[in-house]
Amino acid sequence: MIQVLDQKTINQIAAGEVIERPSAVVKELLENSLDAGATAVTVEIKEGGISFIRITDNGTGIAREEIPTAFLRHATSKIKTMEDLLTIHSLGFRGEALSSIAAVAQVELITRHREEITGSRYEIEGGREKGMEEVGCPAGTTFIVKNLFYNTPARRKFLKTKTTEGNYIQELLLRYSLSHPDIRFHFIADGKSKLQTSGDGQMKTNIFYNYGADVTKRVIPVRGAAGDMELSGFIGKPELSRGNRTFMNYFVNGRYIKSPVITSAIEHAYKNFLMGRRYPFTALLLTVDSQYIDVNVHPAKMEIRFTNQEEVYNLFYHTILDTLQNITLIPEVSPEPEKKQKQTAAFSIGRKMPEPFEKERQLQEHANWQESIPAPVMPSEQKKEPPLPEASASQPSKIDFSQMNLLKEEAEKENTPAFRIIGQVFDTYWLIEYESELLIIDQHAAHEKVLYEKLMANLREKEGLSQNLLAPIVVTLSGREIETLSKMVDAFTRIGFRFEPFGDKDYLINGIPADFIHVDPKKLFLEILDGLMEGGRQNEPELVLERCASMACKAAVKGNYRLSYAEAQKLIEQMLQMEQPYHCPHGRPTAIAMSRQEFDKKFKRIL
């Protein structure tokens with residue numbers, strides 16, 4: 001029998017579409033605050049927002065007589081007719097948020113309209129009104145949401161950990177702070193201030209607050225226009241790329257969205273500037289006439305349709321590409337410690353350094369921040385074998401780390417394989433005589449195999465050999481990155497990383513795996529972290545194995561690099577001592593062989 005559902009059931013269904021987790025509650029209420037003209041918004045949560053959410057703004061407030069109506073489904077002040085859907089200028093418009101939230105939580109509203117003398121306190125629980133009273137309060141609105149999904153336990157059990165849910169909310173505030181730099185945002189989680197912006201109207205200031213100084217100094221402004229569309233914001237230099245798309249932020253009329261059209265345009269613009277599977281940093285604002293977009297696609301309002309997709313694509317693509325082509329993309333190298341100290345001192349005397357930069361200044365006064373290590377100079381000729389470099393952590397700039405790492409002294413092992421090096425071809429392949437075969441060895445694949453097996457030995461023995469850094473390096477991590485790192489601390493330390501907390505979002509890297517000392521420590525650390533974040537539902541051993549293989553590949557000596565005979569001797573010796581030496585971690589062969597018998601057949605010595 002077909003029947004009409006009751007209002008409570010209808011509200012529960014709507015809540016399932018609109019309110020999936022605590023961050024969805026914050027998103028809907030935050031958008032209401034911004035639509036109400038707020039210039040300051042404070043978001044406070046407890047236990048990831050599951051037990052408590054409080055959002056306070058200084059917007060226009062809600063008139064007393066309109067409060068009960070505001071909690072009815074499809075009640076909104078932002079549109080009146082179907083035609084208004086074609087010219088939406090507000091973030092919210094569906095009129096489902098408050099009714100959906102009230103259907104699955106205990107809600108308290110305290111508000112005062114700017115034109116009223118006193119405010120109102122209204123309570124609603126599980127969709128049922130509990131009461132309303134007159135109270136004294138400042139102009140604006142405060143929503144308190146308690147015990148989310150208390151009456152729908154089946155939905156509550158699908159929530160993730162309190163830390164993960166809290167990180168979703170922090171990421172949400174991060175994005176809104178980028179798209180609305182003129183708003184003062186304050187985010188508090190379990191009594192701790194996690195984010196606070198000044199509302200000075202400068203996006204770059206909020207990039208610093210959210211991502212730290214290291215990212216901020218590597219972004220460049222962009223600006224473009226086409227017809228009724230304007231694009232502005234910041235993009236990162238190619239050196240700022242990451243292994244996933246978490247750094248890609250773009251907004252349409254102040255709304256954070258996900259669009260395959262825009263994503264494709266950004267990635268194609270960077271195509272010739274980044275290696276495969278590397279993604280750039282972007283914080284881009286598109287302003288477009290609302291008649292060209294349709295945001296009424298999904299209740300979450302994350303998807304958007306463009307009526308002029310080609311024009312949107314071209315605007316993003318050409319604006320970014322033109323910017324990249326007109327700047328110097330040579331990575332900067334930190335100056336010598338003495339010069340760095342003098343520059344820092346002059347800056348400090350000239351004007352007072354903003355407090356957020358103080359931590360970085362303290363480190364820079366005591367150490368040379370090495371952002372990249374120059375590649376070793378490749379010899380044009382090898383008339384004789386060079387002397388082996390001595391490993392010394394006190395003189396990193398004078399050592400060819402790739403050679404030092406490959407040729408470091410090791411205890412003599414039993415059963416060292418006997419082979420004779422014949423020579424090298426194409427600066428990549430080594431020809432050796434081994435037993436009754438000619439082996440042709442790919443130096444990159446061989447070195448990758450050696451490094452991978454060393455890492456795996458460290459993991460098994462739970463004692464990775466670490467090389468202390470002369471100058472500790474600070475990395476600024478997002479909430480999700482910190483959560484991933486906390487879960488994988490043991491794996492990182494077993495590989496050879498040494499690090500410690502250095503503030504709310506900063507970590508200090510003191511040591512890196514000894515076999516990877518010639519690789520940029522910061523990039524290595526972040527790349528492993530990116531890979532672990534993208535691991536999906538894989539368990540920890542699988543994730544660690546995958547990242548170890550990636551680490552070994554990136555740290556291994558490349559093709560077209562001329563090794564000395566001593567280096568090749570040591571590398572091949574280590575490779576041949578392994579149980580399965582003939583394939584790298586990714587399955588490529590490290591060597592191919594040709595037997596004495598095959599030679600004899602080729603030269604017709606035997607039939």
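Phe 497 is buried, and Phe 525 is buried as well, where buried stands for under 20% relative accessible area, exposed for over 50% and partly exposed for in between (1.4 Å probe, protein chains only). The model is predicted: local features need pLDDT of at least 70, side-chain atom pairs count only at pLDDT 80 or more, and totals for chains, interfaces and linings use all residues. Residues are numbered from 1 along each chain as its sequence is written, and side-chain values use heavy atoms, with hydrogens and water left out.

**Exercise 1. Aromatic pairs**

Task: find how many aromatic pairs the structure holds, and describe the pair of Phe 208 and Tyr 209.

Solution.
- Step 1. Rings of Phe, Tyr and Trp (its six-membered ring) pair if their centres lie within 6.5 Å; planes under 30 degrees apart count as stacked, over 60 as edge-to-face and the rest as tilted.
- Step 2. The structure holds 14 aromatic pairs.
- Step 3. The rings of Phe 208 and Tyr 209 make a tilted pair, at 6.1 Å centre to centre and with 55° between the planes.
- Step 4. Phe 208 is buried, at a relative accessible area of 11%, whereas Tyr 209 is partly exposed, at 26%.
- Step 5. Phe 497 and Phe 525 form an edge-to-face pair, with 5.4 Å centre to centre and 75° between the planes.
- Step 6. Phe 497 is in the loop between helix 16 and strand 20 and Phe 525 is in helix 17, so this pair ties together parts 28 residues apart in sequence. Helices (H or I, at least four residues) and strands (E, at least two) are DSSP runs, numbered from the N terminus.
- Step 7. A cluster linked by ring pairs holds Phe 492, Phe 497, Phe 499, Tyr 507 and Phe 525.

**Exercise 2. Helix 6 and helix 15**

Task: state the angle at which helix 6 and helix 15 pack, and which residues make the contact.

Solution.
- Step 1. Two packed helices are described by the angle between their axes and the distance between the axes.
- Step 2. Axes are lines fitted to C-alpha atoms, for helices over the stretch in contact, and angles run from 0 to 180 degrees between N-to-C directions.
- Step 3. For helix 6 and helix 15 the angle is about 155°, and the axes are 8 Å apart.
- Step 4. Helix 6 is therefore roughly antiparallel to helix 15; angles under 35 degrees count as roughly parallel, over 145 as roughly antiparallel, 65 to 115 as roughly perpendicular and the rest as oblique.
- Step 5. Helix 6 contributes Thr 163, Thr 164, Asn 167 and Glu 171 to the contact, and helix 15 contributes Gly 479, Arg 480 and Glu 483. Contact means heavy atoms within 4.5 Å.
- Step 6. The buried residues of helix 15 (residues 479-487) are Gly 479, Glu 481, Ile 482, Glu 483, Thr 484 and Leu 485.

**Exercise 3. Strands 3, 4 and 5**

Task: work out how strand 4 pairs with strand 3 and with strand 5.

Solution.
- Step 1. Two strands pair if DSSP finds at least two bridges between them.
- Step 2. Strand 3 (residues 106-112) and strand 4 (residues 119-125) run antiparallel and are joined by six bridges. Opposite Val 107 stands Ile 124 in strand 4.
- Step 3. These two strands form a hairpin, with six residues between them.
- Step 4. Strand 4 also pairs with strand 5 (residues 128-135), in the antiparallel sense and over seven bridges. Arg 121 has Glu 133 in strand 5 as its bridge partner.
- Step 5. The hairpin of strand 4 and strand 5 has two residues between the strands, and Gly 126 in this hairpin takes a positive phi near 60°.
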